[in-house]
Amino acid sequence: MLPDYRYLYLMERISNKSLYAKASCQHEIKIGIAKDPEARLKQVNKAIKGQVLLGYYIRIPWAEKREQRLHRVFAASRFRIKGGKGGGTTEWFYLNWLELTFVLLWLAWFKIAHWVYLTLIILSIIYLKPYI
């Protein structure tokens, strides 16, 4: 099965934050996947109140599985933005700076591991070719 290459992105709402986020010093982070994260950012900004910034995005294999995993890890801090319309109101999480750092390191690890894996496959094909 070929991997699903899409972008896994993190967006942050920087204005019109909830009282809970302000009081607890939490970031309001949207974790999602898209073929074009910048186009998705425009959709989200139209759908909800407040300004949203595209904080980080990375093109990785099996993006949907990785997104679902992050959603499960942070399920307890999941919330839905009220007062919005259309897409963009779901998949939001309250994350502190340590949790946010964890997510960024986790995504970087998958990117590095993927390229190491591909390199090993290519090298094994090159070196094992005479024996096949």
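**Helices, sheet, cores and rings**

User: Which strands does helix 3 lie across, and at what angle does it run to strand 2?
Analyst: Helix 3 lies across strand 1, strand 2, strand 3, strand 4 and strand 5. Its direction is at about 155° to that of strand 2. Bear in mind that this is a predicted model.

User: Which residues of helix 3 are buried?
Analyst: Ala63, Arg66, Glu67, Leu70 and His71.

User: Why are they placed on the same side of helix 3?
Analyst: They span an arc of only 140° around the axis, so they share one side of helix 3. The face turned away from that side carries Lys65 and Arg72, both exposed.

User: What about helix 2: which strands does it lie across?
Analyst: Helix 2 (residues 37-47) lies across strand 1, strand 2, strand 3 and strand 5. It runs at about 150° to strand 3.

User: What is the strand order in the sheet?
Analyst: The order is 3-1-2-5-4, in an open sheet of five strands with antiparallel pairing.

User: What makes strand 3 and strand 4 edge strands?
Analyst: Each of them pairs on one side only. Strand 4 covers 78-79.

User: How do you know that strand 2 and strand 5 pair?
Analyst: Four bridges join strand 2 to strand 5. Pairing needs at least two bridges, so these strands count as paired. They run antiparallel. Glutamate 28 stands opposite tyrosine 94 in strand 5.

User: Which residues touch the most other members of the largest nonpolar core?
Analyst: Ile31, Leu70 and Leu107, out of 17 residues in that core. Helix 4 (97-128) is one of the elements that each supply at least two core residues. Others include strand 1 (6-13), strand 2 (27-34) and helix 3 (63-73). The largest share, five residues, comes from helix 4.

User: Which residues does isoleucine 31 contact, leaving aside neighbours within four places in sequence?
Analyst: They are Leu8, Tyr9, Leu10, Glu67, Leu70, His71, Phe74, Glu91 and Phe93.

User: Which residues does the second core include?
Analyst: Met11, Ala21, Ala34 and Tyr94 are among them. This core has 13 residues and is separate.

User: How many aromatic pairs are there?
Analyst: The structure holds five.

User: Why is the pair of phenylalanine 74 and phenylalanine 102 called edge-to-face?
Analyst: Their planes stand 75° apart. Phenylalanine 74 sits in the loop between helix 3 and strand 4 and phenylalanine 102 in helix 4, so the pair ties together parts 28 residues apart in sequence.

User: What makes the pair of phenylalanine 79 and tryptophan 92 tilted?
Analyst: The angle between the planes is 45°. Stacked needs under 30 degrees and edge-to-face over 60, so tilted remains. The centres are 6.4 Å apart. This pair links strand 4 to strand 5, 13 residues apart.

User: How do you class phenylalanine 79 and tryptophan 92, buried or exposed?
Analyst: Phenylalanine 79 has 13% relative accessibility and tryptophan 92 has 0%. Both values are under 20%, so both residues count as buried.

User: Which aromatic cluster holds Phe79 and Trp92?
Analyst: Together with Tyr20 and Tyr94, they form one cluster.

Terms used. Residues numbered from 1 in each chain as written. Predicted model: local features only at pLDDT ≥ 70, side-chain atom pairs only at ≥ 80, totals over all residues. Heavy atoms only, no water. Core = buried A, V, L, I, M, F, W, Y, C linked by side-chain atoms within 4.5 Å. Buried < 20%, exposed > 50% of the residue type's maximum accessible area, 1.4 Å probe, protein only. Contact = heavy atoms within 4.5 Å. Axes fitted to C-alpha atoms, helices over the stretch in contact; angles between N-to-C directions. Arc of directions from axis to C-beta. Phe/Tyr/Trp six-rings, centres within 6.5 Å; stacked < 30°, edge-to-face > 60°.
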